[in-house]
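The entries follow in the order I made them.

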Amino acid sequence: MVAQLNPMKVSTAPPPPAAEGAAAPALVPCSMRELLLYFLRLGTFGFGGPIALAGYMQRDLVERRRWISKQDYVEGLALAQLAPGPLAAQLAIYLGWVRARIAGATLVSLAFISPSLAMVLAISALYVRYGGLSWMQGVFYGIGAAVIAIIARSAVKLVHLTLERDKLLWSVFAVSAAVTGYTEKEILWIFLAGGLLVMLVRTPLRAGAPGAMLAALPHWVLGGLGGPASAPLVFKIFWFFAEAGAVVFGSGLAIVPFLHGGVVNELRWLDERQFLDAVAVAMITPGPVVITVGFIGYLVAGLTGALVAAVGVFVPCYLFVIIPAPYYRRWAKITQIKSFVDGVTAAATGAIAGATWVLGRRAILDAPTALIFLVTLFILWKLRKIPEPVVIVAAGAAGLMLRHLRG
């Protein structure tokens, strides 16, 4: 993601820090066109996976441009973490809904997803035509380390945004980070337990409170490679990826184990090497990580398979945002719900920090990758005017050169 999205008319200079206890800075109006251009650029240049993408949105939309309030961002992050599906895509959809309801959510989702899908389709066609992506190993050797630096910086920014100096939230954060780092997976009940703990400690339920919360609920809640694909195969692709989008919680990276079990072990659509290439494509292209489903769909059933897989995986996450969003904003005003959201957000931030550690161990393999990581971190923290895509390209070139020199 570019560090400065200068074509926007609004200044990208960060606002001066507010004194403790002072009112939050006033929001700056933006047109729907400006918001869509932002998400189009984010989908085109937003490297780093879901953690980094969420950090970019916080930095650009909340801190620099002030188009989105901190409260709306935090609520969107919590909803995206609670609902099944890719975190970054759902957060973007929610922020689009905040600005223009269903129309905003729909347009933002298309603007955010389309660029990376187009890139994946192009790479898929080359892959099928030329039979492999061996050059990508060298490029990703450098890019992987640089991406970890981007993720780490984004995680620190999210910590400052969501935790502040609240010891209870820091405790939830620490437990979630430790569990994620140890188990190498994001566990839903940790988020729910964190939310319940903070709610019960801060705002214990009084008599009649559960009834009031239930009253706020709507009534219905209470009640490729093998040539041309057949129609049954296309439907099977759609159903499989729709199921993936509907049952996988956490960041987009959480979908990888689910896809591996289905695509490689059960359905045998791809072999291990092809699946690893699919994950590499997702990591080397900008935008949401789950766009890897487009590559998998292309290998199985060509262009039709790619488009059907993408629609299948994103439709559930879209619905899981726009359906509860109107009621979620109403619930968020209830003190118990606000405390619950704070706890879930702290747990989600901890999971992001833990995931940074897990991913870092896989990407920083030796002295060269450690050096790329440290140099990238220095550039991001000290030389903030250099856009992230430039850093990513440089890291990829360095990785390709180093792998070539090492034979």
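**Salt bridges.** My rule first: a salt bridge is a side-chain nitrogen of Lys or Arg within 4 Å of a carboxyl oxygen of Asp or Glu. With that rule I get five salt bridges.

Before going on, I note that this is a predicted model, where local features need pLDDT of at least 70, side-chain atom pairs count only at pLDDT 80 or more, and totals for chains, interfaces and linings use all residues. Residues are numbered from 1 along each chain as its sequence is written, and side-chain values use heavy atoms, with hydrogens and water left out.

I looked at Asp60 next. Arg64 forms a salt bridge with Asp60, and their closest N and O atoms are 3.9 Å apart. Both sit in helix α2 (residues 49-64), four residues apart, about one turn of the helix. Arg64 and Asp60 are both buried. My cut-offs here are under 20% relative accessible area for buried, over 50% for exposed, and partly exposed in between (1.4 Å probe, protein chains only).

Asp60 also meets the side chain of Arg65 in a salt bridge, at 3.9 Å from N to O. Arg65 and Asp60 are both buried too.

Then I checked Arg202 and Asp166, whose side chains meet in a salt bridge at 2.6 Å, N to O. This pair links distant parts of the chain: Arg202 is in helix α7 (residues 188-202), Asp166 is in the loop between α5 (134-162) and α6, and 36 residues separate them. Arg202 counts as partly exposed because its relative accessibility is 33%, and Asp166 is partly exposed at 24%. I also found that salt bridges with shared partners join Arg59, Asp60, Arg64 and Arg65 into one network.

**The whole protein.** How many helices and strands does the protein have? I count 17 helices and zero strands. Buried residues make up 54% of the 407 residues. The accessible surface comes to about 18,000 Å², and 68% of that belongs to carbon and sulfur atoms. Those areas come from the Shrake-Rupley method with a 1.4 Å probe; for residues, only the protein chains shown count as cover.

**The core.** The largest nonpolar core has 117 residues, and those with the most contacts inside it are Phe39, Met57, Tyr73, Phe112 and Phe241. Helix α4 (residues 87-130) gives the most to this core, with 20 residues. By nonpolar core I mean a set of buried Ala, Val, Leu, Ile, Met, Phe, Trp, Tyr and Cys residues joined through side-chain atoms within 4.5 Å.

I listed what Met57 touches (heavy atoms within 4.5 Å). Leaving out residues up to four places away in sequence, its partners include Tyr38, Phe39, Tyr73, Leu91 and Phe112.

**Aromatic pairs.** A pair of aromatic rings is described by the distance of the centres and the angle of the planes. Rings of Phe, Tyr and Trp (its six-membered ring) pair if their centres lie within 6.5 Å; planes under 30 degrees apart are stacked, over 60 edge-to-face, and the rest tilted. That gives me eight aromatic pairs. Tyr38 and Phe39 are edge-to-face, 5.2 Å centre to centre with 80 degrees between the planes. Tyr38 is buried at 0% relative accessible area, and Phe39 is buried at 0% as well. Trp170 and Phe173 are also edge-to-face, at 5.3 Å and 75 degrees. They are three residues apart in helix α6 (residues 167-183), so about one helical turn separates them. Trp170 is partly exposed at 36%, whereas Phe173 is buried at 13%. Ring pairs also link Tyr38, Phe39 and Phe112 into a cluster.

Arg101, in helix α4, has phi near 50 degrees, a positive value in a residue other than glycine. Is Arg268 buried or exposed? Arg268 counts as exposed because its relative accessibility is 66%. Arg268 lies in the loop between α11 (255-266) and α12 (272-284), and its phi is near 55 degrees, again positive in a residue other than glycine.

Methods:
Helices (H or I, at least four residues) and strands (E, at least two) are DSSP runs, numbered from the N terminus.
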